[in-house]
Amino acid sequence: MVLRPLAGIRVVDLTVERGELCGRILSDLGADVIRVEPPGGSPSRRTAPIDGDHSLFWTFRNCGKRSAVVDPTNADDLERLHGLIAASDIVIDSAEPATHADPGLDAEALQARHPQLIAASITAYGRTGPWAGRDVPNAVVDATGGMAFKAGTHEGGPILPPGNIADDTASFTTAFGILCALWQREDTGAGQVIDASVNECVAQITDWSLSNWSRTADAGQPHSEQRAGPGVVYTIIPCADGFVRLIVLSPRQWQAIRAWMGEPDYLQDPELDGFIGRLMIADAVLNPLYAELFAPMTMAEVSEQAQARGIVCTPFLKPDDVLVNPHFESRGTFDHVTVEDGRTMKLPSGWFEVDGERCGPTGRPPVVGEHTDEVFASIPAARPAPESAARQAPRKAPPLKGLRVMDFGHGGVGVECGRMFGEYGADVVKIESRSYIDFIRAVLGAEMSPSFASSNRSKRSLGIDAKTGRGLELLRGMARDADLIIENNSTGTMDGMGLGYEAMQAANPDVVMVSSQLMGSRGLWADWFGYGPNTQVTGGLAHLWNYEDCPAPAGNQSIYPDHFAGRVCAVAALGHLLGRRRLGGGGAHVEVCQVEQVVSTIGDLLAKESLVAGSVQPRGNHSDHGSPWGLYPCEGDDAWVAICVRNDTEWEALVALMGSPVWATRPDLANEQGRRADETAVDQQLAEWTRTMPNTEVAETCLAAGVPAGAMHTASSQSTDPHLEARGYLRWMDQPPIGNMIFEGAAFYASAMDGPDIFAAPGLGEHTREVATQWLGLDDTEIESLIAQGVLEIDLTAT
């Protein structure tokens with residue numbers, strides 16, 4: 001990767017905390033990102049986690065950027081800033097609508113003044129809708145977006161996720177929107193406004209909750225939303241030095257672990273070959289047997305032996321384990337950075353690789369104003385305004401129309417990447433066969449499920465058996481006309497089928513291929529296989545997503561990072577397609593290691609642990625960002641509200657709301673240090689107040705007084721959320737053959753793009769004849785012959 005794909009693109013980064021990773025992503029892709037800060041530096045330079053006087057939040061999210069100081073109260077400085085923006089391609093901003101001291105920096109005003117500009121606005125709830133303008137931190141959006149309710153037990157209450165999942169997801173989603181806008185600008189010359197909502201970005205990655213709930217509700221079937229720790233699928237089993245995550249789904253996996261246990265007579269019932277049969281005895285019989293088997297072994301020993309037997313199992317690592325893990329060392333997952341006092345800090349080395357090279361930071365984070373003089377001394381001429389913009393705004397269009405995508409994805413990662421391309425205009429063809437069916441398609445016993453529909457809508461389906469010689473030949477021929485190939489099969493699967501990158505590049509030297517494996521395609525554990533929740537435990541996230549001072553993992557039922565990793569794949573793939581278009585050159589092989597997405601999600605926390613051993617531990621719902629902070633019970637069954645007090649002024653407002661009770665007016669609670677010293681007592685007293693009202697009323701009351709808050713959503717409450725309704729997020733549609741369900745809508749809108757083109761997911765082979773004619777160039781006679789031979793497959797549910 002000699003030249004990164006966004007070389008020559010200039011970005012002005014106005015973000016503060018929210019969205020700062022977006023600029024870092026664009027910098028990793030080669031853009032020149034200029035971080036604009038006020039005198040004294042951005043407030044995010046003081047954002048936790050902190051080491052001494054240094055924000056590791058800032059460090060991780062601002063590597064590779066340049067820093068220029070602009071005084072927002074100085075007219076000359078503002079004019080210089082507008083001169084810089086006129087010579088730039090992109091502005092990223094996180095200010096809520098109409099809150100800039102200079103109204104000319106608002107997204108719509110900027111884009112009107114600079115028609116070539118892509119003005120990306122990343123806000124908590126978007127620029128429209130009844131919740132627009134709410135100034136709340138990520139923890140509140142974790143609650144309203146539907147992520148928080150998934151973790152913890154019913155008795156212990158929900159747990160907010162550690163790290164910055166909400167903001168990092170929004171940053172990658174917005175980066176995808178920006179790349180779509182750049183792709184579109186290659187045709188029109190015109191820029192546009194991108195309106196990204198962190199709330200909808202989070203809602204999109206909550207593991208098909210809304211799609212599954214809506215389908216069962218429409219069918220009149222019961223659907224539990226009660227927390228149950230890790231649940232019965234993603235079990236956590238103790239062993240000699242900790243825990244492992246064991247997932248036994250298929251009959252083959254069950255038979256392998258039964259053999260490991262010595263084939264006891266009482267486990268030979270054929271009913272136990274089915275998951276439901278095992279589910280009925282999991283807690284009482286199977287999990288204790290697994291624990292007995294694993295008791296004398298370490299996490300590593302259990303996992304290595306299980307994987308060798310074809311059983312999905314991974315170790316439950318703590319942050320200090322992650323930092324010295326041999327697999328991560330073998331992959332170069334961390335950069336070793338020497339800090340001023342001689343200590344070594346470990347920072348994740350990059351979200352993905354291209355042609356075997358890490359596509360990570362292009363430099364260190366800047367000192368305040370380090371590049372001010374050089375930035376403003378070298379401002380080139382303003383970017384030319386497009387002719388179309390001088391006459392009228394360009395007509396809305398699907399930005400990726402004309403791109404052809406072969407989607408070999410299974411489960412949740414690759415298919416989410418394909419979904420994003422399909423929704424924004426690309427022709428995405430899912431390549432599949434009943435001989436190796438997508439397990440999410442078949443999870444309910446038929447050939448369609450709500451989960452599959454959610455991640456595979458807006459695509460066509462080609463049923464083809466790649467294990468046949470003619471099928472392999474056709475797929476290689478198909479690659480000749482493809483722009484992008486997506487796959488997330490186990491390491492070596494595509495190569496073994498004759499469909500790996502070398503074979504596809506031989507057919508088409510310009511093709512971009514994105515691959516995503518559980519542990520990456522190289523390293524000590526490269527041949528391990530599993531599911532999203534397996535990477536949670538090995539990347540250190542699951543250990544931190546726990547109650548404070550709790551020795552055993554509470555667990556969660558999230559499949560993170562599957563949907564998130566799909567967005568990383570989409571950004572990396574579209575970035576390199578854009579580079580091919582802008583800069584010339586051939587194709588590329590992009591690799592997104594799934595477990596490294598978890599590691600990077602908590603990258604700043606791992607950096608802190610590397611500098612101060614033992615400093616990063618589970619915090620439950622407490623936070624270094626403020627106090628009180630967390631989820632509080634409300635009136636009703638399992639109803640909760642997020643309340644996050646960031647400073648003493650917000651605390652004063654909350655005290656007044658509660659009627660200034662004696663406990664809250666203690667002098668020592670007037671400052672954050674005092675409140676933090678007595679967090680448990682403050683939480684208990686605050687909960688007494690929140691229990692007197694419904695969670696929506698608590699949230700509205702707090703927000704009206706300037707206290708950040710939000711009602712915790714489950715899928716059922718999301719389905720009637722007025723803000724999601726107003727933003728067009730809730731898309732009720734018929735999904736053949738299973739019936740009506742809600743499809744998740746857009747996470748961002750753009751002024752020159754059509755909204756996402758959402759249509760029902762295909763039946764297996766539904767478009768086989770169509771694709772064989774249009775893409776493969778076969779005539780009807782050959783198509784019918786290949787169907788008869790079993791080389792091509794068609795939808796068996798079609799009437």
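**Set-up.** I number residues from 1 along each chain as its sequence is written, and my side-chain values use heavy atoms, with hydrogens and water left out. The model is predicted, so local features need pLDDT of at least 70 and side-chain atom pairs count only at pLDDT 80 or more, while totals for chains, interfaces and linings use all residues.

**Strand 20.** I looked up residues 460-464, which form strand 20. Strands here are DSSP runs of E with at least two residues, helices are runs of H or I with at least four, and both are numbered from the N terminus. Five of the five residues in strand 20 are buried. Buried means under 20% relative accessible area, exposed over 50%, and partly exposed in between, with a 1.4 Å probe and protein chains only. In a regular strand the side chains alternate between the two faces of the sheet. I find R460, L462 and I464 pointing one way, and S461 and G463 the other.

**Its neighbours.** I then checked pairing, which requires at least two DSSP bridges between two strands. Strand 19 (residues 427-432) runs parallel to strand 20 over four bridges. K430 has S461 as its bridge partner. Strand 30 (residues 792-793) is antiparallel to strand 20 and joined to it by two bridges. There, I464 partners L792.

**Salt bridges.** My criterion is a side-chain nitrogen of Lys or Arg within 4 Å of a carboxyl oxygen of Asp or Glu. I count 56 in the structure. E770 and R460 meet at 2.8 Å, N to O. This pair spans 310 residues, from helix 33 (residues 768-774) to strand 20. R460 counts as buried because its relative accessibility is 11%. E770, at 34%, is partly exposed.

I also looked at R434 and E793, which form a salt bridge at 3.5 Å, N to O. R434 sits in the loop between strand 19 and helix 18, E793 in strand 30, 359 residues apart. E793 is buried at 11%, whereas R434 is partly exposed at 27%. Separately, I noted a network of salt bridges that links E416, R419, E423, R457, R567 and E744.

**Cysteines.** I searched the whole structure for disulfides, meaning cysteine sulfur pairs within 2.5 Å. I found zero. C569 is buried, at 2% relative accessibility. C634 has its closest cysteine sulfur in C702, 9.1 Å away, again too far for a bond. C634 is buried too, at 6%.
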